[in-house]
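Got a minute to go through a model and ask where its labels come from?

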Amino acid sequence: MRDCFPRALTSRCAVVRAGIALKFFLAILLAAAAAAAAMAIATRLSFQSGFLGYLNQVDAQRLDSLAARLADEYRASGDWSFLRDDYARLRALALPAPAIPRLALLDAAGHPVLGNSELAAEGAVKPVVVNGDTVGWVARAPLRRLSSAAEVSFQQEQLRSAWVTAALALVLAAGLALVLGRAFVTPVKRVADATHRLAAGDYATRVPVRSQDELGRLAVDFNRLAETLERNETLRRRFMADVSHELRTPLAVLSAELEAMEDGVRPLTRESLASLRGEVSALGKLVEDLNQLALADVGALAYRKRRVDVVPLLEQALESFRDRLAERHLAMETALGREAIVFGDADRLLQMFRNLLENSARYTDAGGRVRASARREGDRVVVDFEDSAPGVPPEALPHLFERFYRVDASRSRANGGAGLGLAICRSIAVAHDGEMSASDSPLGGLRVRITLPFAA
């Protein structure tokens, strides 16, 4: 049973390949066959009309020679009596050139001397001129079909050559269809095979990009899709592992303390209850942070936006953290401007400021400094949170806003927190059409900068 799916997938891919290649080949071949047939038919029709026209033109030139001979004979006889009712002599005068079929001779008044006078109305007519006077007219019927065996044989030979040329063009088109079909279908095959592998869970699948046309852009888009799926799968697995680990720690502490109380190892006192309450509070905070991130991901986190000045909000957050910073022996510095108006949710912005202050209070060494500033720069409002040592390694700065990310050395799990605060802050900034970035602080620690659109 385990081998059924790969075999079915392989056979399905083979069917898809054959179908695409065959359709592409047949499309080119049918187009070439239609073009070759049209060319052969057009050549046949053009040759028939053109060849007959050529023969008629040759006969017209012969008619000029016949008119000159008739003029000489008329000059010698003085009238047309030498030809009356003698069609054989008229044809003999047309020699030594090939005989002209269906001749007629008319006198100067247009009366028939020899042959059918109706030929003058439908065929070529040449005057017979003697001493500057027109004494008669010689006419011939137009050639509407080939009559001699040589002419018919020549026509058949030309038509046969046209069909042979069409057949050779069709064979050449079939060869080009095979080459072009392979050139155009092979990239589609690669994308199709890679798509099947991606659908089977192989997120490391990539398609080589070998052109800059639509197929090349398709391969580029496929690779981006595969990279996104691979990154999302990695983040999903890491997120599940981090969540389970973060939940396991407070649950294990709670379970151990409860078992100790049940066994009488630890007495049920106010201090023990406070310890249990602290673990429950940490667990509740983690669940609340996860819930807020989930709501932010699906766009369900509520925001009640209005024009609000961030300076009073920042002052309120600083005032609420004054004791917390003093407890950590951290000096507070501020540089607050005016008219830092944004269009946002005051409660969410206050939550973001408090999270950033908590981050500084938790990870800054005792005796250090924390600085908060707010100012307007053009059409943006810039808010900075800076702290003193310890700093963050440069390679860790791009990852600070990822969920559950911690810098192992100076900002370890021992300092508390689940690594979700900065991720929540970034989601709030993005929800306000803003940006959040991390860099080294001039004070020696970390600087977090928030830029929000200024509300004119």
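This is a predicted model: local features need pLDDT of at least 70, side-chain atom pairs count only at pLDDT 80 or more; totals for chains, interfaces and linings use all residues.

Q: Why is L176 called partly exposed?
A: Partly exposed covers what lies between buried, under 20% relative accessible area, and exposed, over 50%. L176 comes in at 48%, so it counts as partly exposed.

Q: What makes the nonpolar surface patch, and what is its area?
A: L172, L176, L180 and F184 make it, at about 390 Å². Patch members need over 30% relative accessible area, and L176 has 48%, so that residue clears the cut-off. As for where L176 sits, that's helix α4, residues 149-199.

Q: Which residues touch the most other members of the largest nonpolar core?
A: M352 and F353 do, in a core of 45 residues. Among the elements giving two or more residues to this core are α7 (310-320), α9 (346-363) and β9 (380-388). The top contributor is α9, with eight residues.

Q: What does F353 touch, leaving out residues up to four places away in sequence?
A: V310, L313, L314, A317, V383 and F385. Contact means heavy atoms within 4.5 Å, so each of these has a heavy atom within that distance of F353.

Q: How many of the protein's residues count as buried, as a percentage?
A: 35% of the 456 residues. The protein exposes about 26,000 Å², with carbon and sulfur atoms supplying 57% of that.

How values were computed: Residues are numbered from 1 along each chain as its sequence is written. Side-chain values use heavy atoms; hydrogens and water are left out. Patches are made of residues with over 30% relative accessible area and no salt bridge: like charges are joined within 9 Å, nonpolar side chains (Val, Leu, Ile, Met, Phe, Trp, Tyr) within 5 Å. Accessible areas come from the Shrake-Rupley method with a 1.4 Å probe; for residues, only the protein chains shown count as cover. A salt bridge is a side-chain nitrogen of Lys or Arg within 4 Å of a carboxyl oxygen of Asp or Glu. Helices (H or I, at least four residues) and strands (E, at least two) are DSSP runs, numbered from the N terminus. Buried means under 20% relative accessible area, exposed over 50%, partly exposed in between (1.4 Å probe, protein chains only). A nonpolar core is a set of buried Ala, Val, Leu, Ile, Met, Phe, Trp, Tyr and Cys residues joined through side-chain atoms within 4.5 Å.
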